[in-house]
Amino acid sequence: MVVELLANSFGSSQYRNTSQNNLTAIQIEYRKLTDFYDQFFTIFYWIAGTIAIPMNVLLLYLIIKKSPPSLKVYKVLLLNQCITDLFYALSITFLQPRIIPNKWAFAYVALGPVKYLGSEFAYETYCVQLHSIFYTFLSFPLSFGFRYYVLVRPVPQIKSLIMLLLSLWSIAIFQHVSFIFSEWDSKKVLAYLAINKPHYNMSGLIVSGNHMLEKPMTSFVLATIVLPMFPIYVLVVYFYYKVEGFLTANADKLRAQTVKGHRRLLMALTIQAALPVFTIFPPIGIYGLYHLELINVTVIEYLVYVLFAFYPAFSPMITIYFVKPYNMAIQRATGLYVRRKAVGDATTNYGETRLFKKEITETTQGNEGVSSVANALSRQAQYIENDNC
């Protein structure tokens, strides 16, 4: 740490006046420090990947094999989320990036197995990782929007839902291709670092990067990732309150367990949407301060993506826990499942579907004025999967 503080206390202009022997000595000591960081944070990348990849593969299996008919449409969104998380987990686990920002440039050091395939492949893997993050954010409002949509409109067809996802994906693909073509030559990246961070010893490392002035498309791509975050979360909050408001306004027409089931799923979606608040937004904020040179601690170059790596590990766990068919499939496979006795009119293993339809019938018999609400509730009844979906 003393070496790090000493090295970071000097500006590049001061290093130019430093004797070659002293500079070499600092490089050697600083390389020892970063080598330690490389080994230390690689452990966390492997921990996150060891959890994230199997969990997403498991969830993929559960969605395909264990989804009940009531999840026929909604599982398209679940598959979309799971596949995106799986690609993200694979790319970040095998890349294990360390990001070095400096003024107008960004250098990406590959610490994972991808480094054996060269800087070009490492950069393309970095693009896949960035693409997955961007598409994850684009997809956040969909599940919330779907929940509200089926309350007020007929259930969408699978084909329509797939077309919507492809439309969003086309935006992410454009961003992905743009970033691929904004790559800066790795030799120029190393030369730039040698001038601006002369205490860094980059020999033997696989480095790729971007330069915002040399490759203007870099600025555009970074803007497309950062700027949409606010409107995306505004949409998430909007649909959350729309669903919550509908449930509250019609609470007298629904049984307590029905409302509880909806709110259980809403809680799952909220937790998933909140994950970036803990795993993505803080490192982005710290990284911004580091890039602006308001703080100068080398460990930040590692923390940014190490924290990112845990997002695809937690996301499938939340889905498996809150979506009952998947939860029960795991319980049965592990011998932990205990069949619950039927209570009242809830005579199925799939939550309040029959109960819900009975409520609607009773309501409409007594009051034709609420038929439009009853129709909306009837549509939504198809999507009460296992008390939560």
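**Notebook: chain contacts and selected helices**

I began with the contacts (heavy atoms within 4.5 Å) in the protein chain: of those with a separation of 6 or more, 80% are accounted for by residues 24 or more positions apart. I note that this is a predicted model, in which local features need pLDDT of at least 70 and side-chain atom pairs count only at pLDDT 80 or more, while totals for chains, interfaces and linings use all residues. Residues are numbered from 1 along each chain as its sequence is written, and side-chain values use heavy atoms, with hydrogens and water left out.

**Overall content.** I looked up the secondary structure and found 16 helices and 3 strands in the protein chain. Helices (H or I, at least four residues) and strands (E, at least two) are DSSP runs, numbered from the N terminus. Of the 389 residues, 52% are buried, that is, under 20% relative accessible area with a 1.4 Å probe, protein chains only.

**Helices α5 and α9.** I then examined α5 (residues 119–152) against α9 (residues 229–249). Their axes, lines fitted to C-alpha atoms over the stretch in contact, come within 9 Å and cross at roughly 20°. The angle runs from 0 to 180 degrees between N-to-C directions. The two helices are therefore roughly parallel to each other, a term for angles under 35 degrees. I recorded the crossing as left-handed, meaning that the near helix is turned anticlockwise from the far one by less than a right angle.

The contact includes Phe137, Phe140 and Phe144 of α5, and Ile232, Val236 and Phe239 of α9. Its residues divide into 16 nonpolar, 1 polar and 2 charged. Here Ala, Val, Leu, Ile, Met, Phe, Trp, Tyr, Cys and Pro count as nonpolar, Asp, Glu, Lys and Arg as charged, and the others, Gly among them, as polar.

**Ser139.** I next checked Ser139, which is found in α5. Ser139 is buried, with a relative accessible area of 14%. The side chain of Ser139 reaches the backbone oxygen of Tyr135 at 2.9 Å.

**Gln81.** In helix α4 (residues 74–95) I looked up Gln81. Gln81 counts as buried at 18% relative accessibility. Leaving aside neighbours within four places in sequence, I found Gln81 in contact with Gln272, Ser315 and Thr319.

**Helix α12.** Finally, I turned to α12 (residues 300–308), which is largely enclosed by the rest of the structure, because 7 of its 9 residues are buried. I listed Ile300, Glu301, Tyr302, Val304, Tyr305, Val306 and Phe308 as the buried residues of α12.

Methods:
Buried < 20%, exposed > 50% of the residue type's maximum accessible area, 1.4 Å probe, protein only. Polar contact = N/O pair within 3.5 Å; in protein donor to acceptor, adjacent residues only side chain to side chain. Parallel < 35°, antiparallel > 145°, perpendicular 65-115°, else oblique.
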